Amino acid sequence: MKKLTQAEEQIMQVIWILPEGGFLKDIIENLPEPKPHSNTIATLLKILVEKEFVGISNPNRNNLYFAKVTKQEYSGQRMAGLADSFFEGSYTNVVSFLVDKKQMSIEDLELLLSQLKSKSDDE
């Protein structure tokens with residue numbers, strides 16, 4: 001899966017919240033201020049189509065853009081890339097980093113442990 005630029009990720013965030021996809025005007029409406037020019041958004045959508053993150057259908061001769069990659073799929077790929085690039089591929093190192101920086105609490109760790117135990121019980 002290809003990596004997205006920050007601007008492309010911003011467009012994908014909007015598309016992911018539109019359950020049936022959206023037309024150009026819908027995407028622009030859901031972007032935060034300051035909104036980029038519509039030509040900029042159209043260009044980014046074209047790039048996302050080329051990268052196969054977004055699909056197009058043409059009801060009423062207008063392009064309806066929809067996600068071909070789920071937010072969960074992309075998030076998983078980004079997390080794996082982050083772990084590989086900065087933490088030798090170790091999620092333990094990621095969690096240790098967050099604990100060291102006081103960005104993860106004991107409650108967070110207990111919740112993760114509970115989730116892990118629950119997952120292993122399901123298997």
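Lysine 25 counts as exposed, at 52% relative accessibility; exposed means over 50% relative accessible area, buried under 20%, and partly exposed in between (1.4 Å probe, protein chains only). The model is predicted, so local features need pLDDT of at least 70 and side-chain atom pairs count only at pLDDT 80 or more, while totals for chains, interfaces and linings use all residues. Residues are numbered from 1 along each chain as its sequence is written, and side-chain values use heavy atoms, with hydrogens and water left out.

**Exercise 1.** Determine which residue forms a salt bridge with lysine 25, and classify that residue by accessibility.

*Solution.* Step 1: the criterion for a salt bridge is a side-chain nitrogen of Lys or Arg within 4 Å of a carboxyl oxygen of Asp or Glu. Step 2: the partner of lysine 25 is aspartate 26, with 3.1 Å between the closest N and O atoms. Step 3: aspartate 26 has a relative accessible area of 18% and is therefore buried, whereas lysine 25 is exposed.

**Exercise 2.** State how many salt bridges the structure holds, and locate the pair formed by glutamate 9 and arginine 78.

*Solution.* Step 1: the total is 4 salt bridges. Step 2: in one of them, the side chains of glutamate 9 and arginine 78 meet at 3.2 Å, N to O. Step 3: this pair links distant parts of the chain, 69 residues apart, with glutamate 9 in helix 1 (residues 6-17) and arginine 78 in helix 4 (residues 71-86). Helices (H or I, at least four residues) and strands (E, at least two) are DSSP runs numbered from the N terminus. Step 4: arginine 78 is partly exposed, at 33% relative accessibility.

**Exercise 3.** Describe the packing of helix 1 and helix 4, and give the classes of the contact residues.

*Solution.* Step 1: the two helices pack at an angle of about 145 degrees, and their axes are 11 Å apart. Axes are lines fitted to C-alpha atoms, for helices over the stretch in contact, and angles run from 0 to 180 degrees between N-to-C directions. Step 2: helix 1 contributes Glu9, Gln13 and Trp16 to the contact, and helix 4 contributes Lys71, Tyr74 and Arg78, where contact means heavy atoms within 4.5 Å. Step 3: by class there are 2 nonpolar, 1 polar and 3 charged residues; Ala, Val, Leu, Ile, Met, Phe, Trp, Tyr, Cys and Pro count as nonpolar, Asp, Glu, Lys and Arg as charged, and the others, Gly among them, as polar.
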